[in-house]
There are 4 protein chains.
Amino acid sequence: MVAVIPEPNTPVEVREVAEPDLEPNSALLEVEVSEVCGTDVYLQQGRLAGVPYPLVPGHVSVGRLQKIRGELLDVEGRRFNEGDRITFLDVHRTCNACWYCLVAKAGTRCPQRKVYGITYGLEDGLCGGWSTHIYIKPGTRCIRLDAEPETFMAGGCALPTSLHAVERGDIKIGDTVLVLGSGPVGINAIVLALMRGALRVLCIGAPQARLDAAVEAGADAALNIETTDEAQRLQWVLDQTAGRGADVTIEATGAPEAVVQGMRFTRDAGTLVIVGQYTDHGSTSFNPHLDLNKKHLDIRGCWGSEFSHFYRAAQLAAQRSEAWTRMKLISYGLEQANEALADVSEGRVIKALIRP
Amino acid sequence: MVAVIPEPNTPVEVREVAEPDLEPNSALLEVEVSEVCGTDVYLQQGRLAGVPYPLVPGHVSVGRLQKIRGELLDVEGRRFNEGDRITFLDVHRTCNACWYCLVAKAGTRCPQRKVYGITYGLEDGLCGGWSTHIYIKPGTRCIRLDAEPETFMAGGCALPTSLHAVERGDIKIGDTVLVLGSGPVGINAIVLALMRGALRVLCIGAPQARLDAAVEAGADAALNIETTDEAQRLQWVLDQTAGRGADVTIEATGAPEAVVQGMRFTRDAGTLVIVGQYTDHGSTSFNPHLDLNKKHLDIRGCWGSEFSHFYRAAQLAAQRSEAWTRMKLISYGLEQANEALADVSEGRVIKALIRP
Amino acid sequence: MVAVIPEPNTPVEVREVAEPDLEPNSALLEVEVSEVCGTDVYLQQGRLAGVPYPLVPGHVSVGRLQKIRGELLDVEGRRFNEGDRITFLDVHRTCNACWYCLVAKAGTRCPQRKVYGITYGLEDGLCGGWSTHIYIKPGTRCIRLDAEPETFMAGGCALPTSLHAVERGDIKIGDTVLVLGSGPVGINAIVLALMRGALRVLCIGAPQARLDAAVEAGADAALNIETTDEAQRLQWVLDQTAGRGADVTIEATGAPEAVVQGMRFTRDAGTLVIVGQYTDHGSTSFNPHLDLNKKHLDIRGCWGSEFSHFYRAAQLAAQRSEAWTRMKLISYGLEQANEALADVSEGRVIKALIRP
Amino acid sequence: MVAVIPEPNTPVEVREVAEPDLEPNSALLEVEVSEVCGTDVYLQQGRLAGVPYPLVPGHVSVGRLQKIRGELLDVEGRRFNEGDRITFLDVHRTCNACWYCLVAKAGTRCPQRKVYGITYGLEDGLCGGWSTHIYIKPGTRCIRLDAEPETFMAGGCALPTSLHAVERGDIKIGDTVLVLGSGPVGINAIVLALMRGALRVLCIGAPQARLDAAVEAGADAALNIETTDEAQRLQWVLDQTAGRGADVTIEATGAPEAVVQGMRFTRDAGTLVIVGQYTDHGSTSFNPHLDLNKKHLDIRGCWGSEFSHFYRAAQLAAQRSEAWTRMKLISYGLEQANEALADVSEGRVIKALIRP
C-alpha cells in the first residue's frame, strides 16, 4: 500500500503495489513512520523541478528491515540484520566521481544525486516513505536507529537540514543567534544553535503556536511577524543586542524579503545563513553598499545535507533527546495523507507524521 | 601648500597653511607622492557620509620624515629617524577598546576609526596627502618603505583593499578566479589572485584600455562590459569554466547589478567577494532561491583594510615588485588636482598621482 | 592589606600598604573575592620566568569600584560608576602596536603584555587580588559583572583559558571530546565542550574527588589515571569511540607525557589542543610517523586568553550559570593564603578563593 | 614486461607477464613513463607495512589508453578514447561508505584504500608503473593529461603530496615559508608556496646539488644541513625573519628530529606542517611547554593526497609549467631499475623516471 501523488495538483491516492524483487545488496524496509514536510506540500503543488510523477512522498522514514538480500553494512562496517530498526539518508547516488564530489567537495551539488520521495518516482520502485514498505536500493546509506522513532522524526528532515545550516553559521561560544522562521527548520535551528554555543537565541516567525514552540525549544525571545513591520522587527533585534544586531542569523522562512531583512538584522562582520529558500518564491531587492559591503557581512547559502549531518542527527536524537521529545507530533494514516498535507500547508501543526 | 576641497561639488583650491606644532611622539612628513583614487572623486562630489569639509584629500602617500618630536617606532620596535622614507596606514585611532575591536575582532568596523584624507578634515590638521606636508599624529602606524615610491603607489590604496578581498576569497591552488571590474582594485586583485594560487584569472570590465592593463597584469582573458549583455557575459564565463562558473569571484565595480551578476557567474558552492560597493549606488534585485540558496554560495562583504594588509602590501611592492612596475602612472602637481580628478572620474588613466 | 610572596619559596606574608594615588582614568577596586590557582602555586615555587618579587598574587578578581579618577568605559562605551561591581582582564598593555598584535594578530604573544598578579609585582602598584584593594591602571579592560561573584569565580581564570582551548578545538556538533586532566581548566573544558556541540565528553584525570566533579560537570565517563597505565587508558578511549579515538582531545594536565598520550587517544584526522603545559615540566618523546604524520593529526598549542574570551566567560557565568553554581568552592582569608596554596597544590580542593 | 620486487631486500627482476583480461569499465594503459621515488626505496627495503610482495613499483605514471572495455569517464563526464594520454590517481577504492570517508571526510585515512604500486601487488594484476602496461581497474580516477609527460612527472607523486601540505599550511600572502628538506617533496613545496602567496621561501636541506635545485625552484635562501648544527640553523632562520621564525614551516625530511627543529624554527602562533614522516624512523624528544604550548603553535600532520590534489597538480603542470620544466630528470629502462633505486637512495638525482 502506497500513497501516491499521481500528478501535480491532484489529491494523493492510496494504491496497492506488488512487492519488489530485491537486487543483490538491497533490502525491503517495513515502514513504521514517515514524515510530512513543507517539501511534500510543494511536491503536491508541482513547484519543484525534476520531479517524476507519479510520486510516493516521504523522504525521511523509520522502519524495520524485513528482508535483506546480500550484505548491508553501516559506516562502521557492521552488518545489518533482518529485524533491525533503521533510518536512511534520502539522498542516494551522490556519485563520488564527478568534479563537484571530488574536486569541489560539494556533495550536495552533485548532479547525479537522487532523493527518495522527491526525485525518485514510483517508476523507480518503492522509493517513498508514505508506504507500508520502502525498497532500499544498493548503496543507500542506512543507520541503525538508537533513538525512539518519534524522537528522531520530531526532528525529521529538518534536523540534518538545520544542522548543516548551524554548521555553516560557525557560531562562537557566547554569540547571540537570530532565527528567522518558526517552522521545523527554524525550531531545530534554535535547539542546535543552543547546543553549538549560542548564549541567546532570538526567533522571529509566525503563527503564535509555532512561536510558542520556538520558546519551548529554547528561544530566549520570540517576535510575531504578523503583528510587526520590518522597522519594528529591526528595532526589536537591536534592543536585544546592544544596538548591534545578531552575531549569526539563520534564515529559514521561505520568504525572499526575509533574506534582505536578515542582512539588516545581523551585526557588522556577522554571518547570515540562507536555508529557507528551497523553492522559487521570486525576487527581492537590496542595497549592496548598505546591506552587504559596508557591513562586511558573510552570507552563506546552505543547500541540502550530507550523510555526516544525517548521522549526527541520529546520534543527537538518541543521546540528547530531550529537546525533541518536547516537540508536538500529529500522526496520520496513509488514507489521511491529503489531510496531513493541508494541515502542514496551513501551519496548523508543528510536525506531521504518516503511519502506514 | 595644500590642495583643498572647500565643500562638496566645488573645485579643489590650493592654499598656504602654517606648519603645525608637533605633539609628543608625532612627526612632520614631507610628501613625495600621494594618490588620486575613486574615493577622492566621491569626496569631491559629496557622496560619502561623515566627511568634514574643508578637506585635503590623499589617503595613501609616501614621503620623508622631516621632523620627529619624541619617539616613533615601527611594528618591529625600531625607531624611525628624520630623513627616513615612509608610508603610513590611513586608518587612525582604531580604538582597541570597543566591542568591535576586542570581541568581534572586526577592526574595519570600529566606530572610532578616523581616516587621513577622508574623515579627518583640514580642521583636524594637515591630514591629507595632496599637500607638501602631512602631520603624522601620535599613534599613526608608519612603515619604512623599501619599495620605490612609484612601485608602491602603483598599487596605492587599491593594493591593501584588494589584498583584503583576495584574503576573503580564500582561493585554493588551481582555482579559476573571476574579477569583475578593471579599475585599480580589480587590476590589483588580478595580480594578487595569481600570487595567491589562482590557475587562471578572468576579468570583465571596461574601458578597453583598462582591460588591456588587466591582461598586462596577468588576466588570462578579458571581456568588455560595454559590448556585451549579461547573458553574453554569463556564457563567456561558462565557456571558460567547463560550464560551471568561476570558483571565486571578486566584485570590484561600483555597480549594484554586478553583485547579482557575480552570484550567477560563480559556480555552485563557490565564493563571491564584494569589494566594489564603497558608495551607495542604489538597490538591485536578485532571486534568493536561484542565485544564493540553491547554489550553496558564499558571499563575503569586504570593508576597508587593516594594518596587516597595508604592511604586507608594502612588502610585496618591495620584494615582488614586477607586477607593479608594469602599471601606468600619470603624475599631477597640486595645481592640477582638478584635472587629475576629472581624468580618474572618466577612467582616462589607470592610476593618477599627486606630486606636491 | 595585601598578601605578598616576598621571594620564591618563602611563605606568603600579610602586609599593610598605603592607598595609591590615582592617575587620570584609573580606579581603586575594593576586592570581594580573588582566586587561588595552579599558577599561584608555581609563583610561590619560583617556577615562572619574568616574575618580579615581591609579588601580590591573584590575577582574576571581583570587587566594587571604590574610587574612579577620570573616566572608565566598558567595551560598549558605557561609563562605570563608583559602586559598580566589576571584574577585569588580568592581561594589561597588550600593545596593539607590535608585529604580533597587528600583523600576526596573535595577541597572547604580544611581548609588551603585563599580567596583574603575575608579571606586575608589588613595585608596580597594588596589582594583585590577594589584597583588600587593587589599583586599576589606565587602559585596564573592565567588565560590569552581572553574574554572582561566586559563580563567576567558580570558573575563574580557568574559564577563559578553557574557552580559548575549546575554541581552538573547533568541535563539530556530535563530536566525542576527550579532556585530559580534571583540574579547573579540565572541568571548565568539559562544561564548555558540551555547550559547544560535543555529543559526549570523556575525562581522564585524578584524584577521584576531581573526577567526581568532572562527572558532575557533565562528563559521560571518567577514568582515574592513578589506577591505570597508558595502554589501559588507550583501550578505554577506543572502547568508547568505536575503536577510533576521540574526535577532539583537550590536554589540560601539566604532564609532558599527557601530550603524547593525547596524540594516541585522538582519532586519525582529529584535533588535539595543548593547554596544560603552562610551566616547564621537561621533555617527552614521541614517534612523528606513528603519532602525528600518519594520523593526519592537528595539534594546536593554546597560550593565554584574550579579552574576547574573558568577556564571553563573564556572560556565560551570568546567563548560563547552572554549570558553575554546581562547582565546589572553598574560601580563605588573606591570613590563610599559605593554607590555600597548600590545598591547591595537593589537589585537596577544586577551587580555592581568597576573601580579603 | 614488468620490473618486480620479489620480496623485501632482493633486487628488482624483469619478468614477462601475460596481458590481462579486461573487466567491464576497465582499460589497459601503455606506459610512457613512471616514477622512482623515495617510497620505492622503502618498498625495496621492506620498510612499509601492508605491502604484498611480489610487487611492481611505480605509483604515478603517464601513458596512452591502449584498450578500453566499456566506458571510462573523467570527472567532467567526458568519455576517454583509446589513444588518449592520461595519468591516474594511485589511490583506488577510497570507499565513500565508511565513517572516515562520510563522517570525518578524511579520505586519506579510509581503511579501504588501495594504492597502485604500493598496496596492490602483482597478485592483484598489473598494478605498478614499472611495466610496459598497467591494468586500469574499474573506478580508477583517470585524468586527461594536457601537460608534457616529463613536465608532469617532474612533479610526480611529490606534487600532489606537497600540494596537500601547502594547502594544510594555509599560507597568507606575504608570509615567510621555511621548507625543511630538499628532496622532491621539499622542492615542489617551494614552488607551490610561492604560487600560494609566500613572499619569501627559505630551505634547509642537503646535499648541495639539491639545495641548488631548491634555489632554482625559487627559494630565496638555502642552508646546508651537513655543515650546520641545530643552533646555527635556528640562528640562520631568525636572522632572516626579524628574529621571529618562519610564519609557516613545511617539514619534508624523513628525519624525526626535523619535526622538533621545525617547531623551534617557526614563529609563535605560526604553523608547522609535517609531511616528511612517511616511514617509521623512530622517536624524538621535545619540550611541550617551550616548543608547543607557550608558542601557541599549530602542528598539522599531512597524510597522502586526494583526487583534488592530483587533479590540480595535473592542471598546474599543464598551465603553469615553467617551474617544472626547470627540474632535472634522469630516465632509466626497466632493466636499470636497481640502478635507479640506488641513485634515488643516495640522493644522486633529483628525480628518476622509468621508461619501460
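Reader: What makes the contact of Arg168(B) with Asp298(A) a salt bridge?

Author: In this predicted model, the closest N and O atoms of Arg168(B) and Asp298(A) are 2.6 Å apart. The rule asks for a side-chain nitrogen of Lys or Arg within 4 Å of a carboxyl oxygen of Asp or Glu, and therefore the pair, at 2.6 Å, is called a salt bridge. The count between chain B and chain A is 4 salt bridges, and 27 residue pairs are in polar contact there, both residues at pLDDT 80 or more.

Reader: Which elements of chain B give two or more residues to the side that touches chain A?

Author: Those elements are the helices α2 (99-102), α4 (158-169), α8 (256-265) and α9 (288-293), together with the strands β14 (266-274), β15 (284-286) and β16 (298-301) of chain B. The largest share of that side comes from α9(B), with 5 residues.

Reader: How much area do chain B and chain A bury between them, and which residues of chain B lose the most?

Author: About 3,700 Å² is buried between the two chains, with 55% of it on carbon and sulfur atoms. On the side of chain B, the residues that lose the most area to chain A are His289(B), Asn293(B) and His296(B), which together account for 17% of what that side buries. In terms of contacts, 44 residues of chain B meet 44 residues of chain A.

Reader: What makes Arg244(B) a charge that sits over the ring of Trp99(A)?

Author: Arg244(B) lies over the face of Trp99(A), at 3.6 Å from the ring centre. Another case is Lys137(D), which lies over the face of Tyr120(D) at 4.5 Å from the ring centre.

Reader: Why is the contact of Glu306(C) with Lys105(B) called a salt bridge?

Author: The closest N and O atoms of Glu306(C) and Lys105(B) are 2.2 Å apart, and because the cut-off is 4 Å, the pair is called a salt bridge. Across the interface of chain B and chain C the rule finds 2 salt bridges, and 8 residue pairs are in polar contact, both residues at pLDDT 80 or more. The elements that give two or more residues to the side of chain B that touches chain C are α2 and α10 of chain B, and α10(B) gives the most, with 4 residues. The contact takes 16 residues from each of chain B and chain C, and the area buried between them is about 1,500 Å², of which carbon and sulfur atoms give 52%.

Reader: How many aromatic pairs does a search of the whole structure find, and why is the pair of Phe88(A) and Tyr116(A) called edge-to-face?

Author: The search finds 26 aromatic pairs over all chains. The ring centres of Phe88(A) and Tyr116(A) are 4.8 Å apart, within the limit of 6.5 Å, and their planes meet at 65°, over the 60 degrees required, so the pair is edge-to-face. The pair links distant parts of the chain, with Phe88(A) in strand β5 (residues 85-88) and Tyr116(A) in the loop between β7 (114-115) and β8 (133-136), 28 residues apart. Ring pairs also link Phe88(A), Tyr116(A) and Tyr120(A) into a cluster.

Reader: How do you know whether Phe88(A) and Tyr116(A) are buried or exposed?

Author: The relative accessible area of Phe88(A) is 1% and that of Tyr116(A) is 0%; because buried means under 20%, both residues count as buried.

Conventions:
Residues numbered from 1 in each chain as written. Chains lettered and ligands numbered in written order. Predicted model: local features only at pLDDT ≥ 70, side-chain atom pairs only at ≥ 80, totals over all residues. Heavy atoms only, no water. Phe/Tyr/Trp six-rings, centres within 6.5 Å; stacked < 30°, edge-to-face > 60°. Buried < 20%, exposed > 50% of the residue type's maximum accessible area, 1.4 Å probe, protein only. Lys NZ or Arg CZ within 6 Å of the ring centre and 35° of its normal. Contact = heavy atoms within 4.5 Å. Buried area = accessible area lost by both parts, 1.4 Å probe. Polar contact = N/O pair within 3.5 Å; in protein donor to acceptor, adjacent residues only side chain to side chain.
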